[in-house]
Amino acid sequence: MNELERRLADDLQRLVDAEAAVQGAGSLLRVEVPHEGLVLRHAAGGISIGGDAAEPTSPFRIASITKTFTAAVVAQMVHEGRLGFDDLIASHLPADHLDLLPRLHVFDGVSYGERMTVRQLLTHSAGLFDYAMSESFFLEIAADPGRPWTPRRMLEGAIAWGAPHFAPDTGYGYAYSDTGYVLLGLAIEHLDGRPLHEAYRARIIEPLGLRGTYLEGFEEHRGSAMTHPHEGTIDTFPIHGSADWAGGGLVSDTDDLAVFARALATGTVVPQPELDQMLEFRFRTLDPAKHSPGFLGYGMGVEARDVDGVLLRGHRGHWGAWMHVDPATGLTITGTINQADRRPDRVVQGAVDALQRVGIVAGGAR
């Protein structure tokens, strides 16, 4: 490692040290710059607060980064002709869940559940209430964190615990919702003829050689001990892994996420015609305060973010996880702070700043 790389490594280590110093949860960071042949991995904090030290390759819950995997599988199936982005989701759901649709989206006395399209669910433009952000959802988890969840239970929760925000594709046209991705997961299982975790494995995980990635609650743990996600000092590891399924149920590590991000950006995972539609983004917002600095918009399971002139694509997750790739250079920044009550902006922003200070990554508008 030369002097420049040593300075960079020290700067990156300081970023994870600062995050872990707040409460002690595992903070992990991986930065890869392909044109420099550079891969740097960093860790600080514990597997749990006060526990054994986290390692740079420790697995973690990636939460909503799962949505990018789900969207990629749907896009693959569109390419195969099994469904279309503008198909009604009702035409691709298993018969034993169709009864939920008329009740799932009732806005101003009109039911839109049977009018929602695949594209609207992928882009969060259907207006669905997000069961995973309901106080009732958290109360149920607190009462019995280890209880398994089923897709039907999640959808019934969306019906009982809140109301849709708007009719599909109307108004501001964006309401982030795990509920829509549960429907997409059901469609994948129905059309692919196998459980969702098997579809992920056959279509993405095994072809890319992702050794530490699996759908929690449905597959055996892979890799070393998983770092625990936290809500402040509350260890949320006991929550059953099935609680967010197609919208947020995967466990992975920084290496696997970097491989997936680059493969997606280069057209290896999803063929170009469908990839172009996945990556096309618009800025629409239900609440501007929910978006961190640099957020440009959302496509199909893929966000766009400008960090000091670097256009990053990918996704973030509830537990402070992130997966970012610059399609132009292949730069990847992946990691987690394992905290739901803080955003990972300081780490991601700090990593880009550090790369620009040493002249490895250029900035400026594109």
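**View 1. Lys67 and Asp178 form a salt bridge between two helices.** Buried means under 20% relative accessible area. K67, at 0% relative accessibility, therefore counts as buried. The model shown here and in every view is predicted. The side chains of K67 and D178 meet at 3.1 Å, N to O. K67 lies in helix α2 (residues 66-79) and D178 in helix α7 (residues 178-192), so the pair ties together parts that are 111 residues apart in sequence. D178 has a relative accessible area of 3%, so this residue is buried too. A search of the whole structure finds 25 salt bridges.

**View 2. R203 forms a salt bridge with E80.** The closest N and O atoms are 2.9 Å apart. This pair links distant parts of the chain, 123 residues apart. R203 sits in helix α8 (residues 196-208). E80 belongs to the loop between α2 and α3 (101-104). R203 is buried, with a relative accessible area of 13%. E80 is partly exposed, at 42%.

**View 3. D99 forms a salt bridge with R152.** Here the closest N and O atoms are 2.7 Å apart. D99 is in the loop between α2 and α3, and R152 is in helix α6 (residues 151-161). D99 is partly exposed, with a relative accessible area of 40%. R152 is also partly exposed, at 26% relative accessibility. Elsewhere, salt bridges that share partners join R30, E32, R41, D255 and R262 into one network.

**View 4. H42 is a buried residue of strand β2.** The strand spans residues 38-44. The relative accessible area of H42 is 6%. A polar contact of 3.0 Å joins its side chain to that of Q13. Beyond its neighbours within four places in sequence, H42 is in contact with A9, L12, Q13, V16, S27, L28, L29 and P56.

**View 5. M278 is buried in helix α11.** The helix covers residues 272-279. The relative accessibility of M278 is 0%. Leaving aside neighbours within four places in sequence, its contacts include T68, A71, A72 and A75. L264, V270, G299, M300 and V302 also touch M278. V310 is 32 residues from M278 along the chain, and their C-alpha atoms are separated by 19 Å.

**View 6. Strand β11 pairs with β10 and with β12.** Four of the five residues of β11 are buried. Strand β10 (residues 295-298) runs antiparallel to β11, joined by three bridges. β10 and β11 form a hairpin with four residues between them. In that turn, G301 has a positive phi of about 70°. β11 and β12 are antiparallel as well, over five bridges. D306 stands opposite L311 in β12. Two residues separate these strands in a second hairpin, where D308 has a positive phi of about 55°.

**View 7. Helix α12 has a buried set of residues covered by other elements.** The helix (residues 345-357) has 13 residues. Its first and last C-alpha atoms are 18 Å apart, close to the 18 Å expected at 1.5 Å a residue. Buried residues of α12 are D345, V347, V348, G350, A351, V352, A354 and L355. Their cover includes α1 (3-23) and the strands β1 (27-33), β11 (303-307), β12 (310-317), β13 (321-325) and β14 (332-336). Just after the helix, G359 takes a positive phi of about 80°.

How values were computed:
Residues are numbered from 1 along each chain as its sequence is written. Side-chain values use heavy atoms; hydrogens and water are left out. Buried means under 20% relative accessible area, exposed over 50%, partly exposed in between (1.4 Å probe, protein chains only). A polar contact is a pair of N or O atoms within 3.5 Å; within protein, one must be able to donate a hydrogen and the other to accept it, and residues adjacent in sequence count only if both atoms are side-chain atoms. Contact means heavy atoms within 4.5 Å. The expected span of a helix is 1.5 Å times one less than its number of residues. Two strands pair if DSSP finds at least two bridges between them. A salt bridge is a side-chain nitrogen of Lys or Arg within 4 Å of a carboxyl oxygen of Asp or Glu.
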